[in-house]
Each structure stands twice: as C-alpha cells, then as structure tokens.
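Have a look at the sequence and the model first.

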Amino acid sequence: MLDHRKTAPAALAAAALVLSLPGAADACTSILVSKGASADGSTFITYAADSHDLYGDLPLRPAAQHAPGAQREIIEWDTGKFLGRIPQPAVTYHVVGNINEHQVAIGETTFTGRKELQDPEGRIDYGSLMYIALERARTAREAIQVMTDLVAEHGYASTGESFSISDPNEAWILEMIGKGPKRKGAVWVARRIPDGYVSAHANHARIRQFPLDEPKTTLYAKDVISFAREKGWFKGKDAEFSFAETYAPLDFGALRACDARVWSVFRRVAPGQSLPSSMVKGQDPKAERVPLWVKAEKPLAVRDVMALMRDHFEGTELDLSKGVGAGPFSLPYRWRPMTFKVDDKEYLNERAISTQQTGFSFVAQSRATLPAAVGGVLWFGVDDTYSTVYVPMYCSIHEVPRSFAVGTADFKTFSWDSAFWVFNFVSNWAYSRYSDMIQDVQQVQGELEGGFLSRQAELEKAAMTLYKDSPGLARDYLTRYSVSQGDMVTARWRKLGESLMVKYLDGNVRDAQGNVTHPDYPEGWRRRIAAEDDGILRVPKEPQKVAQ
C-alpha cells in the first residue's frame with residue numbers, strides 16, 4: 001500500500017510539473033451537500049466544467065420511447081469522436097443539462113490516475129456515461145448501477161474519474177478507473193455522503209479506505225482490491241486498501257492544484273475544525289490528508305452553495321487576489337501555464353475553484369418535499385463562477401432560453417445572442433481593472449440572483465397550484481419562467497457590459513454624474529514601481545536647467 005507520508009519532499013517538489021499538464025489546467029470542481037447539511041432539506045451538487053476550449057450551453061434531451069433494437073450513438077464528450085453504439089432501453093427520461101426529470105443530477109472531475117489503465121477499445125467515455133445515466137436512472141443509487149453496468153458491458157474509454165451523483169434524498173461520490181488494454185470494464189467504489197456532511201472533489205481521487213460490508217453507504221466493484229493485488233500495487237489487508245492511493249498515487253500537483261480546492265471548501269463549511277493549509281501545500285510529507293467529508297457547522301442555503309463555487313482562497317495564504325501576480329487591481333486569476341521557471345527554479349500559480357476558463361457551472365438542487373417537476377432546479381451559469389449569474393432552470397422545462405441553447409453560437413463564433421459570449425465579454429473587460437469593475441458586476445449579479453431566490457417560494461407555490469390540476473400546466477408555467485429569466489439575464493448582462501465600457505473607457509473612471517476622473521493606482525502598487533526603479537522614472541527634486 002502506498003504511504004504518502006513516506007514520499008520525500010524533493011519528490012513532491014519535482015512532481016510540480018503535473019500542474020502544467022492539460023488535465024490539470026482544464027480541471028473541474030464539484031461539491032456535494034447532503035440533505036441534512038442544507039437549510040431546507042435539499043440535496044445539492046455543484047459542477048464547474050473548466051476547459052480553455054469549452055463552449056458553455058444548456059442541452060435538453062426530451063423523454064422518449066424506443067422501439068426494440070434501437071441504438072444510441074456514443075460520441076466522446078471531450079473530442080467529438082464516434083466511439084460506437086449501444087442498445088437503447090424502452091424508455092429514456094427527460095434531461096435538462098445535468099439534471100433529469102426525477103431530480104437526479106450528475107457532475108464530475110477527472111483525476112486521470114494510472115494512465116496504463118486506460119482502455120483504447122472502451123466504448124463509453126465519462127461524459128457519455130453521465131448523460132446516459134441521467135436518461136436511465138430514477139435515483140442516485142440507480143445511476144451508479146447504470147454507470148457501472150454500462151462500463152462492464154461496453155468498456156470504459158476514459159481515464160480516472162470522480163462523479164458526484166444526487167437525488168432528493170442522497171448524494172454519492174463514485175470513483176472509477178479502467179483496467180487497461182484488453183481488459184473490459186472498470187474498478188470503482190462509491191460512497192454515500194453522511195447526512196449533515198459536505199464532500200468535494202477536484203481532479204484527484206478522494207476515496208481512500210472504505211467499509212467492505214455496508215451496502216447502504218458503500219458500493220464497490222467485486223474486484224477493486226483483487227485487481228490491485230494482481231497488478232502488484234497492493235499487498236496489505238483488505239481493510240487497509242485505499243482506492244485513491246492505489247489507483248491515483250499522490251503527488252505535489254494533486255495536493256496543490258486539486259486537494260487545495262477541496263480544503264478551501266471545507267475551511268468555509270467547517271471553520272471550527274481549523275483545517276491547516278499544510279494539508280495541501282505539499283511542503284510537509286507528514287501532513288495529514290484532507291478528509292473525504294466534513295460536518296457542516298451551519299445549514300447551507302442555495303446562496304451559500306453558490307458562494308462556495310466563487311472561491312479564490314480569499315483570506316488564506318494562497319489568496320490569489322494578493323501579491324504581484326494579482327497586478328495593481330487585485331485580479332484573482334493567472335494566465336496559463338500554471339508553472340514557470342526563473343533561472344533554475346520552478347514556481348507555480350495557485351488553482352482556485354473560480355477560474356477564468358469555466359465553460360459552464362451549476363448548483364443542482366433536489367427536494368423530496370415537492371413533486372419532481374417542481375423540486376428539481378439546475379441553477380445554471382456560464383463563464384467564471386465568481387462573476388456569473390446562476391439562473392433557475394427547472395428539471396421539467398421543455399424548452400431552454402435561446403441564449404443558453406445549443407446552436408446559438410459556438411466556441412469559434414461570437415454572438416451577442418449567446419449568454420456564454422456576453423458573460424465572457426463582461427468578465428474579460430473587467431479583468432483590466434478588476435477591483436473596481438467587479439463591484440459593478442456584483443451589484444447586478446446580486447440584484448438578479450437575489451430576485452430569483454426571493455421569488456422562488458412564491459413561484460413554486462403557484463406551480464404547485466397548477467400541478468394539482470395538471471402537471472402539464474405546471475411544466476408550461478415553469479418553462480415560461482426559466483426561458484424568460486435566462487434571456488432576460490443575458491440582455492441585462494449585455495447592458496452591463498455596455499455601461500462598463502463607457503464608465504471605464506481608456507483607464508479612466510466616470511463618477512456618478514458621468515464626469516471623467518483619473519483615479520491613481522493603489523499606493524502599494526506605486527511603491528512596487530518605485531522600489532524597482534533604477535532612476536529612470538524618478539524626477540529630480542530640483543529640475544536641471546536645460547542648456548539653450
């Protein structure tokens with residue numbers, strides 16, 4: 001069994017190169033909140049789909065009945081490559097983005113793990129696996145069964161993956177990795193988040209030891225341990241087996257770029273535990289690992305879960321808004337690559353939950369207290385989580401806003417009709433004077449999201465009145481609402497972008513009366529410039545007379 005505490009500090013430092021790999025740069029983050037940890041009995045999962053070439057949109061797949069012999073094409077989510085076909089079931093369910101009509105929601109992060117375990121002949125990739133499960137599962141537990149059965153029958157085409165899976169009553173983390181060439185299937189383990197607890201994963205395997213005889217809380221492949229023994233990766237007792245340490249051995253990059261994001265979630269939901277940053281800094285080989293979950297010290301509402309997705313390590317020593325890298329206006333983002341060298345020394349930029357390359361993100365809310373058509377909400381946003389607006393998309397809607405729809409634009413085609421491009425226009429302009437412009441952004445963001453949240457109870461009460469007479473009428477009502485609010489947000493954000501262009505034109509700032517002002521750089525930045533000046537910029541105390 002791999003013991004991370006015996007890893008030499010030099011080895012950890014050398015492994016920093018992993019931070020520059022595409023898998024680490026295009027990383028994702030997911031948070032799981034059990035119903036006992038929420039303020040209203042909801043279960044929540046979150047997902048940020050982070051990639052430098054991912055266009056954020058909201059697909060809708062209607063429920064369908066399929067004739068005997070019908071086939072479903074498998075198109076690899078990341079590459080668009082055709083992988084094959086699999087049989088369709090008699091019925092598939094209605095899916096909006098990453099939530100289905102039964103309030104089952106799924107997100108993921110890629111941990112890669114042992115690359116020799118990827119099967120080049122696998123037929124189902126991780127993205128297809130998520131959406132097929134949403135089409136076929138009525139509960140989170142059933143989704144796990146669907147996903148693991150599919151890869152056993154058809155083969156798994158991706159590297160190591162962590163999945164968040166939720167329904168109105170449970171939230172599960174499922175971790176899976178293939179068996180390598182000529183070995184169809186995958187080894188996997190799934191754990192249910194205990195009631196009252198919060199978990200998270202961020203591109204590194206999180207499940208270490210797990211109970212072997214608790215099927216209500218833990219499920220696993222029958223060969224998950226024996227396969228590791230066969231490969232020579234594990235020789236201890238079954239009870240000592242660690243999925244993460246066996247199939248995704250720990251390195252510096254997994255700590256600093258991945259587990260650090262999990263730690264930042266946990267420090268906020270359980271501040272009383274005082275989890276030290278030494279867990280994730282990668283400088284102490286004896287440091288304790290971040291736990292799989294923590295007990296929430298206060299019940300979390302939708303707004304709180306959204307806030308967790310907007311983290312830049314604020315208030316910690318890893319705070320991205322601090323230091324010379326943040327520039328004069330405290331920009332909490334760093335452009336890639338994530339590592340760089342100066343002379344013979346290598347340095348890194350932190351990787352926070354909120355990042356500039358997010359295609360889309362969501363907070364999925366599922367509630368057992370309401371009919372599924374009303375209880376399931378995908379709070380959906382595009383671009384940076386910190387400056388996005390999460391718009392309620394109910395799981396029963398039969399249409400999505402045109403500004404979020406597939407086909408309105410794409411990653412190579414800018415359009416003012418596209419929410420993705422409008423939000424990117426605003427955020428990229430805000431990067432130029434972030435500490436000032438983000439205040440304008442957050443004001444509108446707060447007004448919009450605050451409006452959605454304040455209206456939610458009244459809206460759902462009206463939907464329930466309709467639902468009692470006709471579920472179809474309730475679906476129509478929620479569809480009109482979600483569509484109108486999504487397109488309204490895009491139009492409002494376009495206006496915000498226009499106003500920011502006028503207010504901050506050419507490095508100036510217009511005051512409340514519209515007058516152009518010239519606010520100076522922050523004092524601390526001026527002092528940095530002065531400290532680095534070699535005399536070229538300094539004005540003499542007594543100007544020299546110039547000879548005529």
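Start at threonine 490 and ask what surrounds it. If you skip the neighbours within four places in sequence, threonine 490 is in contact with Ser403, Phe404, Asp417, Ser418, Ala419 and Val422. The model you're looking at is a predicted one, by the way. Threonine 490 sits in helix H13. Is threonine 490 buried or exposed? Its relative accessible area is 2%, and the cut-off for buried is under 20%, so threonine 490 counts as buried.

Stay in helix H13 for a moment, and find glutamate 498 and lysine 495. These two form a salt bridge, with their closest N and O atoms 3.7 Å apart. Both lie in helix H13, 3 residues apart, which is about one turn of the helix. Glutamate 498 has a relative accessible area of 41%, so it is partly exposed. Lysine 495, at 54% relative accessibility, counts as exposed.

Aspartate 440 pairs up with lysine 503, and here the closest N and O atoms are 2.9 Å apart. Aspartate 440 belongs to helix H12 (residues 434–469) and lysine 503 to helix H13 (residues 471–503), so this pair links distant parts of the chain, 63 residues apart. What about their surroundings? Aspartate 440 is buried, with a relative accessible area of 16%, whereas lysine 503 is partly exposed at 27%.

How many salt bridges does the structure hold? There are 27. One of them joins the side chains of arginine 114 and glutamate 116, at 3.9 Å from N to O. Glutamate 116 counts as partly exposed, with 44% relative accessibility.

Now keep your eye on arginine 114, and look for a ring. Arginine 114 lies over the face of tryptophan 233, at 4.1 Å from the ring centre.

Next, let's visit some loops, where the backbone has a few details to show. Proline 337 is in the loop between helix H9 (302–308) and strand S17 (339–342). A cis peptide bond joins arginine 336 to proline 337, with omega at about 10°.

Which way does phi go at asparagine 203, positive or negative? Asparagine 203 has a positive phi of about 75°, although it is not a glycine. You'll find asparagine 203 in the loop between strand S14 (197–201) and strand S15 (218–220). Asparagine 203 is buried, with a relative accessible area of 7%. Serine 274 isn't a glycine either, and its phi is near 50°, again a positive value. Serine 274 is in the loop between helix H7 (252–269) and helix H8 (278–281). At 56% relative accessibility, serine 274 counts as exposed.

Finally, step back and take in the whole chain. It has 14 helices and 23 strands. A compact globule of 548 residues would have a radius of gyration near 24 Å, and the chain has 25 Å, which agrees. Along its principal axes, the C-alpha trace spans about 95 × 65 × 45 Å. How much of the chain is buried? Buried residues make up 55% of the 548.

How values were computed:
Residues are numbered from 1 along each chain as its sequence is written. This is a predicted model: local features need pLDDT of at least 70, side-chain atom pairs count only at pLDDT 80 or more; totals for chains, interfaces and linings use all residues. Side-chain values use heavy atoms; hydrogens and water are left out. A charge sits over a ring if NZ of Lys or CZ of Arg is within 6 Å of the ring centre and within 35 degrees of the ring normal. Helices (H or I, at least four residues) and strands (E, at least two) are DSSP runs, numbered from the N terminus. The radius of gyration is taken over C-alpha atoms; the globule rule is 2.2 Å times the number of residues to the power 0.38. Buried means under 20% relative accessible area, exposed over 50%, partly exposed in between (1.4 Å probe, protein chains only). A salt bridge is a side-chain nitrogen of Lys or Arg within 4 Å of a carboxyl oxygen of Asp or Glu. Contact means heavy atoms within 4.5 Å.
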